[in-house]
Amino acid sequence: MASTDNPNLSLEAKPGLPPTVQRHLGHQLRAAYAPLETAATPDVFLALIERLEAALAAQGRAVEPEFREGMLAALSSLRAFALSLTNNAARADDLVQDTILRAWQNQHRFQPGTNLNAWLFTILRNAFYSEQRKRMREVQDEDGSYAARLFTAPDQGHRLDVQDLRAGLAKLPPDQREALILVGAEGLSYEEVAGICGVAIGTIKSRVNRARNRLAELLGYGDDDLTGDRMMQSAMGEGV
């Protein structure tokens with residue numbers, strides 16, 4: 001999960017979007033994804049990794065401990081990102097399993113010392129868009145009930161309801177939504193997200209900026225909405 005001090009959501013602001021709104025959206029975005037990041041790892045993912053390890057052991061080989069531990073630590077973040085792309089829990093889990101398989105098969109291509117999460121996000125994103133190109137139409141989570149249960153507000157008294165945030169995110173163009181989530185919720189740098197998406201850093205900054213501003217517009221937020229919100233001020237911390 002991203003640090004709550006991630007400055008990325010406060011950069012490249014469109015004139016007229018108050019800094020308090022920018023910070024508010026950043027806090028709420030991270031709060032919305034926190035339950036996914038801290039949820040227990042599904043057994044199916046762990047079982048798949050165990051089978052892959054057994055297959056490797058049968059060949060007299062072993063996976064690097066750092067790679068294995070890093071992948072295990074990344075599973076919750078991968079699932080959160082997959083859900084944000086698919087909006088369907090079953091598809092998201094299939095996508096994570098596909099990512100595990102691809103990463104395991106290509107672990108020799110990972111450069112030790114670089115960001116493993118960014119490498120895994122790249123694999124997941126490529127797998128998603130490869131699947132999209134093969135699908136005639138996207139299958140949705142019909143009523144969104146399963147996905148909705150995953151996004152539980154950590155405090156029901158928050159000014160911004162998490163479900164409103166989800167609805168707003170769903171209305172963003174896919175390229176803007178994924179950039180906002182990778183930067184704002186996952187805490188990756190603009191440079192890392194640019195590498196994942198295969199575009200220039202300036203393009204990612206622009207996408208995050210447009211996504212943030214559009215989200216604020218969809219949610220109807222302005223500076224006046226936040227100045228008297230004591231809970232929001234408390235969440236942001238004194239002096240923020």
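How many aromatic pairs does a search of the whole structure find? The search finds 6, a pair being two rings of Phe, Tyr or Trp (its six-membered ring) with centres within 6.5 Å. The structure is a predicted model, in which local features need pLDDT of at least 70 and side-chain atom pairs count only at pLDDT 80 or more, while totals for chains, interfaces and linings use all residues. Residues are numbered from 1 along each chain as its sequence is written, and side-chain values use heavy atoms, with hydrogens and water left out.

One of the pairs joins Phe-67 and Trp-119, with 6.1 Å centre to centre and 70° between the planes; the arrangement is edge-to-face (planes over 60 degrees apart; under 30 is stacked, the rest tilted). Because Phe-67 belongs to helix α3 (residues 65–86) and Trp-119 to helix α5 (residues 116–134), the contact ties together parts 52 residues apart in sequence. Helices are DSSP runs (H or I) of at least four residues, numbered from the N terminus. Both Phe-67 and Trp-119 are buried (under 20% relative accessible area, 1.4 Å probe, protein chains only). Ring pairs also link Trp-104 and Phe-110 with Phe-67 and Trp-119 in a cluster.

The structure contains 2 cavities of 30 Å³ or more, a cavity being a set of points on a 1 Å grid over the protein atoms alone where a 1.4 Å probe fits but cannot get out.

Notes. Helices (H or I, at least four residues) and strands (E, at least two) are DSSP runs, numbered from the N terminus. Buried means under 20% relative accessible area, exposed over 50%, partly exposed in between (1.4 Å probe, protein chains only). On a 1 Å grid over the protein atoms alone, a cavity is a set of points where a 1.4 Å probe fits but cannot get out, and a pocket is an open set with protein on both sides within 12 Å along at least five of seven lines; lining residues have an atom within 4 Å of a point. Grid points are joined across faces, edges and corners, and a volume is the space filled by probe spheres set on the points.
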